[in-house]
Amino acid sequence: MTEDVQKHSVHTLVFRSLKRTHDMFVSDQAKGIAQDEESHKLKMGVKLKVEYGPVLHMPVLKEGKERVSHYPDGLESQQSYAHAGDVPEYLITGTHAYPSGPGVALTAETKMHRNPSEAGVHSMALALPPSQARLDASRTAASIAEIHRHAGGAERVHPQSTAVSLIDGSGTRNSALMRRAPTMPKPQWHPPWKLFRVISGHLGWVRSIAVEPGNQWFVTGSADRTIKIWDLASGKLKLSLTGHISTVRGVAVSSRSPYLFSCGEDKQVKCWDLEYNKVIRHYHGHLSAVYDLDLHPTIDVLVTCSRDASARVWDIRTKANVHTLTGHTNTVATVRCQAAEPQIITGSHDATIRLWDLIAGKTRATLTNHKKSVRTLVLHPRQYTFASGSADNIKQWMFPDGSFIQNLSGHNAIINTLAVNSDGVLVSGADNGTMHMWDWRTGYNFQRIHAAVQPGSLDSESGIFACVFDNSESRLITAEADKTIKVYKEDEMATEETHPVNWKPEILKRKRF
């Protein structure tokens, strides 16, 4: 019985509280704020002066009767309507430029002025300075020329003409200089590439490739836990190195010392002495699989990146961990070094690219344009630019601040690797075994290759994990999921007549994200 009373009393209190709240606000919720006439007049007067000040001296349209000003300081309303059949006339008050000069009184002939014709309106519009929107449009169009100037190569962008139309009194267009849409410059001709040699020997996916500076041999790392050294000219196996206990994800050959560096999913980073073919140094510190490594071209420094979302800078000789580059929020999949600033660039599965200050060990810039994991980076050998590969796009960037240049769209797959040579041939290799060849300057896709898998392999084992040009740039070496290494070369018999560039001067679309 007591519980029923308490329940009833609480229910009653809540209901009464709701009713009081409802009664308090129900009367005012639909009412608008009363308008203060004086404030409204003052606001409109200020608005007229600020927004219509430059045209307030213009004549007021007569309506056959005097109008009363509703605004302060004698400002007249500009709203007027002419009766059907009436010829609108302007009433000119005060001194005006129609007489011989300012300050001269108006005569009976100059006091009335008829509405200008349509031709007069257009001629007046042409005399006006260009609007801000037109200036912005021309600035946007001209920026494409700047893109190609910065990206290198000869500029072939058509000059932008001014968008001005001359219309006579009858409304017909007698002459026009219309702004042409920016067109894609004709790409440089590149000979097609063809499969030259297939090298077998690994027992697992081939994950990484590096060519030695003398261009005599190259090295591959595989999921079979071995590192193999191959003769570049003949494709014969020279040496196998064992020591990793898991997939070898990265290899690099030093140009400053007889050392080979490797990293793998066993968290290990090893330095191999190629005179004794054995490991002489280990670099301990990564907490998870090490996915990539790169050597600084001028300093004895090694940079590695890992699934632990960090990149580490190592002193090669002392094995000291100079810097731990933190900031990425997911696996750091690729790292590249260069002598100029910024000296380290990393790409991550958090879809960002970071440019690092090597001295301070801090992020210099973060590029967030990609929407999906950035798995590969490549630096142009001659220009101060680089490209990044992701499942959404290939993007080109300008150093030192990572200014966006252009998108290379069309390789609709997970892009694992990029390579570029001095001739401006960019190669992208993907998870589905396709390889696209691009003209670096224009972003034109001039060739697509999908090589057959090794006999006995499944079609699903078609994937390219790494590709690199040799030092002569006449051979392209790819590491693939069918356990093979494929070597491509340019077709020496091809000419521009037999293999024309089937490009279309389509409108060049630049995505600004």
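## Cysteines without disulfides

A disulfide is a pair of cysteine sulfur atoms within 2.5 Å. With that in mind, let us look at this predicted model: it holds zero disulfides.

Next, a sheet to find in the structure. Strands of a sheet pair through backbone hydrogen bonds, either parallel or antiparallel. Here, four strands follow the order β6-β33-β32-β31 in an open sheet, and their pairing is antiparallel. The edges are taken by β6 (193-200) and β31 (464-469); each has a single partner strand, so one side of each is left without a neighbour in the sheet. On average, neighbouring strands of this sheet are turned by 25 degrees against each other, direction ignored.

The partner of β6 is worth a visit. Strand β33 (residues 484-490) runs antiparallel to β6, and seven bridges join the two. Across this pairing, Trp193 stands opposite Glu490 in β33.

## A hairpin to explore

Another antiparallel pair is made by strand β17 (residues 310-315) and strand β18 (residues 321-326), which are joined by five bridges.

What lies between the strands in the hairpin of β17 and β18? There are five residues there, and in this hairpin Lys319 takes a positive phi near 65 degrees.

Technical notes: Residues numbered from 1 in each chain as written. Predicted model: local features only at pLDDT ≥ 70, side-chain atom pairs only at ≥ 80, totals over all residues. Heavy atoms only, no water. Pairing = 2+ DSSP bridges. Axes fitted to C-alpha atoms, helices over the stretch in contact; angles between N-to-C directions.
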